[in-house]
Amino acid sequence: MRRMIADRPVLRMSSELGRVMAAARAREQAGERVLHLERGEPDFDTPSHIVEALARAARAGETHYPDARGTVDLRLALRDKLARENRIACDPDDIVITNGGTHALFLTFQALLGAADEVLVLSPHWMAIPKLVGFAHGASMRAVPAYLDLQSGSLDGPGFAARLRAALQPQTRGIYLNSPNNPSGAVLTREQLSVMAEVAVERDLWVVSDEAYEHLLFDDARHVSIASLAGMAERTVSVFTLSKSYAMTGWRIGWVAAPAELMVGIAKVHQYGIMCAPTVAQFAALEALRIGEPFVVEMHAEYDRRRQLLTSRLNQMGLFCFEPRGAFYCFPNIARTGMDDEDFAQALLHEERVAVVPGTAFGPSGADHVRVCYATSYEELVEALDRIERFVERHPGPPAELRPA
């Protein structure tokens with residue numbers, strides 16, 4: 001029989017989120033009402049003035065190929081934004097406009113990783129990372145547990161440095177960092193990032209810094225771009241997107257900033273992979289950067305309201321979770337129910353029609369957790385929590401003294 005697809009492991013990888021969403025859709029098609037806490041995108045619509053900017057650009061004839069790296073005006077605006085907000089100094093030619101943050105990471109791993117190269121991935125990590133690394137043919141990744149231990153305070157600076165150093169191998173090319181973190185909501189402090197920077201400089205490593213949730217911060221959390229730390233500008237690839245902060249997931253506009261020596265490769269993979277990001281969407285992105293701040297503030301306030309509700313109710317149920325300081329996810333521990341994360345997610349959807357993602361979808365350190373996204377309306381979140389509470393009451397698990405420590 002003729003072989004239909006190439007014999008590459010990455011093409012056989014499955015998507016845990018895809019399975020959860022397919023199961024939820026099947027129930028909806030059967031006439032059931034499902035509450036979606038599994039999705040990872042804002043429930044807000046893109047602000048109308050950003051939509052109008054795209055329409056104006058299209059009517060003005062801005063429908064031709066731009067520079068493959070992105071329009072000059074947008075890259076200039078991003079240069080200024082990076083200098084002002086992130087303390088990253090770069091030229092417009094050090095920036096490439098991509099089809100969202102995922103595409104920026106794809107380009108980065110393609111340009112950075114060769115056969116037999118390895119990237120360490122701080123974990124729990126975004127579900128797409130194993131696939132994106134897998135497409136860099138012959139490269140590999142290893143998960144290093146970090147965010148939950150840093151969040152709890154059980155891992156201090158020296159311990160973090162020791163864990164990173166112990167994980168390094170001769171084939172290690174770099175480290176993937178995601179702060180604020182999906183799925184835990186952890187935000188690494190300047191001191192914690194300085195530990196990473198020290199190890200990266202010491203071992204001559206690259207750092208791929210995924211900063212998709214840079215504007216979604218709560219309480220006293222402050223976002224620090226690792227490229228702004230001493231010795232890191234020349235060894236950091238910084239990846240950003242408008243998807244989360246400006247509710248522009250479907251517009252597919254992100255960008256990558258990197259040192260010139262690596263940008264040559266990133267730009268080449270970009271040019272021959274997709275040629276360019278859509279021209280009119282780049283004009284909308286420019287509008288978002290110019291006058292989108294009031295919308296960001298308004299959306300942030302609503303996320304904060306939901307975050308406090310969610311963490312308070314989950315902890316009251318005995319599903320312990322640290323209060324997330326960034327992004328729009330909680331990562332509660334469900335061990336008290338006696339179920340593992342896969343069984344918990346499946347049973348919750350079956351019994352209460354609430355969709356969440358098993359924690360092991362985010363790597364082994366996500367065991368006994370599920371990801372709950374609060375990018376849904378406050379009213380639906382209240383209803384979902386009521387359903388989860390009923391579910392937990394029906395599944396109390398073993399007595400506390402018999403539960404694993």
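T279 lies in helix 10 (residues 279-291), where helices (H or I, at least four residues) and strands (E, at least two) are DSSP runs numbered from the N terminus. The model is predicted, so local features need pLDDT of at least 70 and side-chain atom pairs count only at pLDDT 80 or more, while totals for chains, interfaces and linings use all residues. Residues are numbered from 1 along each chain as its sequence is written, and side-chain values use heavy atoms, with hydrogens and water left out.

Is T279 buried or exposed? With a relative accessibility of 10%, T279 counts as buried (under 20% relative accessible area; exposed is over 50%, partly exposed in between, with a 1.4 Å probe and protein chains only). Apart from neighbours within four places in sequence, T279 is in contact with E62, H64, Y65 and P66 (contact means heavy atoms within 4.5 Å).

Turning to the sheet, 7 strands form an open arrangement with mixed pairing in the order 2-8-7-6-5-3-4 (two strands pair if DSSP finds at least two bridges between them). Strand 2 (95-98) and strand 4 (140-145) are the edge strands, each pairing on one side only. Strand 2 and strand 8 (residues 254-257) pair in the antiparallel sense over 4 bridges, and V96 has V256 in strand 8 as its bridge partner.

Two helices also pack together: helix 7 (residues 157-167) and helix 8 (residues 190-203) meet at an angle of about 35°, with their axes 9 Å apart (axes are lines fitted to C-alpha atoms, for helices over the stretch in contact, and angles run from 0 to 180 degrees between N-to-C directions).
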